[in-house]
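Here is a short briefing for a first look. Start with one residue, then widen the view.

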Amino acid sequence: MGFLDIFKKNKAKGAKVVKNVDAKADKVVKDSGAKAKAAKPAVAKAPASCAAKTATSVSASQLPFSDLVEPGPLVTYKHGFGTPPGGKIKLAIYWAAACGGCDVSILDSNDGVLTVGEMADIVMWPIAADGKEKDIEAMNDGEITVSIISGAVRNSENEHMVKLLRKKSAIVVCYGTCACFGGSPALANLVKGGKDELLDYVYRKTPSTANFQADYHKDKAVIPQVSTTVSDGDLSLPVLYDTVKTLDQVIDVDYFVPGCPPLQESISYLLKAVADFVYGGVALPPKGTNVGVVTRTLCDQCSRRKEFRRITKIVEPHEIDVDPELCLMDQGILCLGPATVGGCNARCTSVGQPCRGCYGPTAAVQEQGASALTAIASLFPVIDDDATCGEGEIIDIMSTIKDPLGYFYAFTMGKSLIKRSVTEKGGK
Ligand code: SF4
Ligand code: SF4
Ligand code: SF4
């Protein structure tokens with residue numbers, strides 16, 4: 001049941017719900033020990049127009065994420081909350097360097113998305129609704145209740161828009177792996193020469209563009225320019241950056257929802273938490289909460305049988321008859337499950353594909369790629385009493401991994417300690 005269903009179901013329970021919410025708030029404060037006095041949430045008196053729409057509180061155990069933290073003490077946001085005019089919250093959804101898949105995951109609520117309008121005024125959502133930058137600029141600071149931002153920050157327009165939305169929003173949600181960890185856009189950080197080398201490759205050297213330039217622009221290849229003068233005036237494009245950044249490397253972020261894309265339930269949970277806060281005074285989850293993840297690794301969510309076999313060959317799924325029940329690593333297929341936080345309910349491994357790590361590492365690990373390498377190293381038969389595989393053989397096996405950096409950091413390069421490739425001069 002999505003939050004909008006819950007929201008509708010409880011329309012008639014307004015007064016009772018506020019009472020329950022009050023009791024829950026007291027419990028939360030009691031549990032929070034020394035912070036109790038300062039943190040007790042004042043139960044917001046819902047405006048008359050929306051009192052009947054007050055939502056009940058749904059405990060984490062009712063959600064698909066068993067380890068999701070219970071709402072903690074009320075967090076005070078520097079931008080504050082305004083009373084939602086007309087009983088609706090204001091919602092902005094923006095994509096920076098994104099593929100659109102995250103937006104589609106929000107639309108995946110099927111007909112539920114149509115009823116978002118019942119609880120939110122959508123002030124911006126490029127993929128689905130109109131909404132101009134100048135309208136956002138004209139708003140008061142903190143006037144937008146929540147902004148959901150997907151995608152990494154890779155150009156000047158991305159940076160401008162996320163900073164603008166931060167200024168105008170009470171809550172900013174970092175939505176999807178590209179925003180949380182850089183995702184596939186941040187793999188461009190491995191191009192040593194930065195944006196110039198990237199543009200040169202994409203517009204001059206790929207087979208399709210090389211042919212196009214050779215056929216139509218023999219004398220001077222056409223490469224995108226920041227500004228161009230045409231008969232109707234000057235046209236401009238955003239400035240491409242050398243280094244792709246994660247959202248929290250550019251602005252302050254309140255919540256993180258990893259996944260490529262995240263499960264639809266994650267955003268339902270988060271929007272419901274915001275609605276509960278605005279209409280019912282229920283404490284929000286603590287700032288910085290990762291929504292939709294559990295505390296264990298993906299292996300704990302994966303139903304495949306683990307035999308911890310030692311391997312001497314790395315294979316791709318299409319090269320073997322994949323045993324539908326046995327752990328993929330036991331079959332020699334590189335799976336990043338041991339280095340990835342659970343939350344997706346093992347979407348890929350359940351259909352015979354290895355996990356590529358899109359939910360990012362667990363909270364205990366910063367470097368997902370290194371963590372994956374450690375897990376793989378433990379599969380080789382090099383323990384003292386089983387030294388059947390020497391250093392040379394291990395190097396041979398590992399060298400069969402195509403594009404190791406791209407494999408182990410497919411989603412998290414933006415947050416890795418490696419950061420980016422540099423030229424020998426160390427210039428970029
Ligand atoms: S996280 Fe995945 S689905 Fe979302 S924008 Fe990035 S690539 Fe697309
Ligand atoms: S390594 Fe992959 S296939 Fe094996 S148990 Fe972990 S997630 Fe499942
Ligand atoms: S199995 Fe891995 S790659 Fe697939 S959705 Fe889950 S975290 Fe992402």
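Tyr94 sits in strand β1, which covers residues 89-95. The model is predicted.

- Is Tyr94 buried or exposed? Tyr94 is buried, because 25 other C-beta atoms lie within 10 Å and 20 or more are enough for that label.
- Leaving aside residues up to four places away in sequence, Tyr94 touches Met124, Pro126, Ser147, Ile149, Met161 and Leu165.
- One of these contacts, Met124, is 30 residues from Tyr94 in sequence. In space, the C-alpha atoms of Tyr94 and Met124 are 7.0 Å apart.

- How many of the residues of β1 are buried? The count is 7 of 7, so the strand is mostly covered.
- Ile89, Leu91, Ile93 and Trp95 point one way from β1. Lys90, Ala92 and Tyr94 point the other way. Residues on both sides are buried.
- In a regular strand, side chains alternate between the two faces of the sheet.
- Strand β2, residues 120-124, runs parallel to β1 and is joined to it by 4 bridges. Leu91 stands opposite Ile122 of β2.
- Strand β3, residues 144-150, also runs parallel to β1, with 5 bridges between them. Here Ile93 has Ile148 as its bridge partner.

**The largest nonpolar core**
- The largest nonpolar core holds 84 residues. Ala96, Ile149, Val173, Cys174, Leu270 and Val274 have the most contacts inside it.
- Nonpolar side chains tend to be buried together in soluble globular proteins.
- Cys174 touches Ile149, Ala179, Cys180, Leu247, Asp248, Val253, Tyr255, Phe256 and Val257, again not counting residues up to four places away in sequence.
- Ile149 is in contact with Cys174 and with Tyr94.

**Ligand 1**
- The shell around ligand 1 has 13 residues, and Cys99, Gly101, Gly176, Cys178 and Cys260 are the closest.
- Helices α5 (101-107) and α9 (177-181) each supply at least two residues of this shell.
- By class, the shell around ligand 1 has 6 nonpolar residues, 7 polar residues and no charged ones.

**Ligand 2**
- Which residues come nearest to ligand 2? They are Cys299, Cys302, Cys327, Cys335 and Gly337, out of 13 residues around it.
- The shell around ligand 2 divides into 9 nonpolar, 2 polar and 2 charged residues.

**Ligand 3**
- The residues around ligand 3 include Cys344, Cys348, Cys355 and Cys358. Leu298, Thr340, Ala346, Arg347, Thr349, Arg356, Gly357 and Tyr359 are also in this shell.
- The shell around ligand 3 has 7 nonpolar, 3 polar and 2 charged residues.

**The whole chain**
- The protein chain has 15 helices and 9 strands.
- Of its 428 residues, 39% are buried.
- Among contacts in the chain with a separation of 6 or more, 76% join residues 24 or more positions apart.

Terms used. Residues are numbered from 1 along each chain as its sequence is written. Chains are lettered from A and ligands numbered from 1 in the order in which they are written. This is a predicted model: local features need pLDDT of at least 70, side-chain atom pairs count only at pLDDT 80 or more; totals for chains, interfaces and linings use all residues. A residue is near a molecule or strand if its C-beta atom, placed from the backbone, lies within 6 Å of it. Ala, Val, Leu, Ile, Met, Phe, Trp, Tyr, Cys and Pro count as nonpolar, Asp, Glu, Lys and Arg as charged, and the others, Gly among them, as polar. A nonpolar core is a set of buried Ala, Val, Leu, Ile, Met, Phe, Trp, Tyr and Cys residues joined through C-beta atoms within 7 Å. A residue is buried if 20 or more other C-beta atoms lie within 10 Å of its own, exposed if 12 or fewer, and partly exposed in between; C-beta atoms are placed from the backbone. Two residues are in contact if their C-beta atoms, placed from the backbone, lie within 7 Å. Two strands pair if DSSP finds at least two bridges between them.
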